[in-house]
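Here are my notes on the model, as numbered points. Please read them with the structure open.

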Amino acid sequence: MISVFNPNSAASKDSGVFGLPYRLSESSLVFIPVPWEVTTSYGGGTSLGPRSILAASRQVDLFDSEVLKPYEAGLYFLPESPEVIRWNRAGKEKAAPIIAAGGELSEKPELESQLREVNALGTLLNDWVRKETLSLLKSKQIPAIVGGDHSVPFGALQAAAEFNPQFGILHIDAHSDTRKAYEGFTWSHASIMRNVIENIPQVSKITQVGIRDFCEEEVEFSKSHSNRVKTFYDQDLQRNKFEGASWKTLCEEIVKELPSQVWISFDIDGLDPQLCPHTGTPVPGGLQFAEACYLIRSVALSGRKLIGFDLNEVAPGPDKNNEWDSNVGARLLYKLTAWTLMSQGKAKLR
């Protein structure tokens, strides 16, 4: 099929991700869309992220100046699951009054019942994502999760743990995501990394980058798990740059904290919010696009193997003509894809 594909032509509206013609069986890397934002506590819209990124991806030119023709390894974007869409709709309805109450449910038995239902739906989602990811890993395909809010990759990390007895997570985010059951939700987007530390022992290290919005509880949690959590706070990274440190040197320090196998968990709000203004919880500061790409490149060129990744919290603007967030998300997705394939020997450096 690829023999008749022209990477210089415009993508058709019914083409696959990045305008490609691959089938699932022909693809080395497969994107699993997870349209889920049940526990989103501030801005909404991330459940529309996967389809908006898919649409924007058809405008991304396939030439990459660093990795040679990564698309030739085969890329496929799975259809969204109607079941997940139904769970998301039901969960959002039940979670809304709990969020409005700030998670304070004392003497509110009706909300306590709804909280149990939301948590049960989160468990169902985790199991669905785990099974989808396991299916790809068993087929020797690389999984990539496209959210949705940042709670969605938990099941994928569980699946990765079944194939990798020890691996690390490069966590790029504005938030630490180490709150305990934020607002009562066991599987909150604000609790994903705490849930990983407490439930997936195969994750030997979480290296956080760009963190700049966090509470005292999260600082103490990270300190108490310093053997498994290393945080590069945005304030410290920026100060070091102001005082003369190069981004190359800082990336080398970050990469040193990672084991030989790495999963990248990328919350789009880890970037400067000018690049993702409609994300759920934007925070001033963060990485520039080129800095993020250089960091991903540094991990891949260090000889570490990228075993998979997730990209979350991309929310399209309310104006249908405003595709900026999706545009940035799609281009970041392509760079994550290219360097992941290169790290596994499925694409070559130019």
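1. Alanine 181 sits in the loop between strand 5 and helix 5. Its phi is near 40°, a positive value in a residue other than glycine. Alanine 181 counts as partly exposed, because its relative accessibility is 29%. Keep in mind that this is a predicted model.

2. Lysine 69 has a positive phi of about 40°, although it is not a glycine. The residue is found in the loop between strand 2 (67–68) and strand 3 (75–77). With a relative accessibility of 38%, lysine 69 counts as partly exposed.

3. One peptide bond also deserves a look. The bond from glycine 147 to glycine 148 is cis, with omega near 20°. Glycine 148 has its place in the loop between strand 4 (142–147) and helix 4. Glycine 148 is also among the residues that glutamate 313 touches.

4. Glutamate 313 lies in the loop between strand 9 (305–312) and helix 10 (324–343).

5. What lies around glutamate 313 instead? A polar atom of its side chain lies 2.8 Å from the backbone nitrogen of histidine 150. Not counting residues up to four places away in sequence, glutamate 313 touches Thr46, Gly148, Asp149, His150, His189, Asp267, Ile268, Thr279 and Gly280.

6. Glutamate 218 lies in helix 6. Is it buried or exposed? Glutamate 218 is buried, because its relative accessible area is 3%. A polar atom of the glutamate 218 side chain lies 2.9 Å from the backbone nitrogen of threonine 178. Leaving aside neighbours within four places in sequence, glutamate 218 is in contact with Ser176, Asp177, Thr178, Arg179 and Ala190.

7. Now the aromatics. The structure holds 6 aromatic pairs. Phenylalanine 154 and tryptophan 187 form a tilted pair, 4.9 Å centre to centre with 45° between the planes. This pair links distant parts of the chain, 33 residues apart. Phenylalanine 154 is in helix 4 (residues 154–163), and tryptophan 187 is in the loop between strand 5 (167–172) and helix 5 (192–199). Both phenylalanine 154 and tryptophan 187 are buried.

8. Phenylalanine 214 and tyrosine 233 form another aromatic pair, tilted, with 4.9 Å centre to centre and 45° between the planes. Phenylalanine 214 lies in the loop between strand 6 (203–211) and helix 6 (216–224), and tyrosine 233 in strand 7 (residues 229–233), so the pair ties together parts 19 residues apart in sequence. Phenylalanine 214 is partly exposed, with a relative accessible area of 36%. Tyrosine 233 counts as partly exposed too, at 21% relative accessibility.

9. Phe18, Phe31, Phe77 and Tyr334 form one aromatic cluster.

10. Two lysines sit over rings. The charged end of lysine 230 is over the ring of phenylalanine 232, 5.3 Å from its centre. The charged end of lysine 241 is over the ring of tryptophan 247, 5.4 Å from its centre.

11. Lysine 241 has a further partner. Its side chain meets that of glutamate 291 in a salt bridge (2.5 Å, N to O). Lysine 241 lies in helix 7 (residues 234–242) and glutamate 291 in helix 9 (residues 289–301), so the pair ties together parts 50 residues apart in sequence. Lysine 241 is partly exposed, with a relative accessible area of 23%. Glutamate 291 counts as buried, at 14% relative accessibility.

12. How many salt bridges are there in the whole structure? A search finds 17. One joins the side chains of arginine 23 and glutamate 26 (3.3 Å, N to O). Arginine 23 counts as partly exposed at 47% relative accessibility, and glutamate 26 is partly exposed with a relative accessible area of 30%.

13. Another salt bridge joins lysine 131 and aspartate 127 (3.1 Å, N to O). Both lie in helix 3 (residues 109–138), 4 residues apart, about one turn of the helix. Finally, Asp64, Glu66, Arg297 and Lys335 are linked in a network of salt bridges.

Note on methods
Residues are numbered from 1 along each chain as its sequence is written. This is a predicted model: local features need pLDDT of at least 70, side-chain atom pairs count only at pLDDT 80 or more; totals for chains, interfaces and linings use all residues. Side-chain values use heavy atoms; hydrogens and water are left out. Rings of Phe, Tyr and Trp (its six-membered ring) pair if their centres lie within 6.5 Å; planes under 30 degrees apart count as stacked, over 60 as edge-to-face and the rest as tilted. Helices (H or I, at least four residues) and strands (E, at least two) are DSSP runs, numbered from the N terminus. Buried means under 20% relative accessible area, exposed over 50%, partly exposed in between (1.4 Å probe, protein chains only). A charge sits over a ring if NZ of Lys or CZ of Arg is within 6 Å of the ring centre and within 35 degrees of the ring normal. A polar contact is a pair of N or O atoms within 3.5 Å; within protein, one must be able to donate a hydrogen and the other to accept it, and residues adjacent in sequence count only if both atoms are side-chain atoms. Contact means heavy atoms within 4.5 Å. A salt bridge is a side-chain nitrogen of Lys or Arg within 4 Å of a carboxyl oxygen of Asp or Glu.
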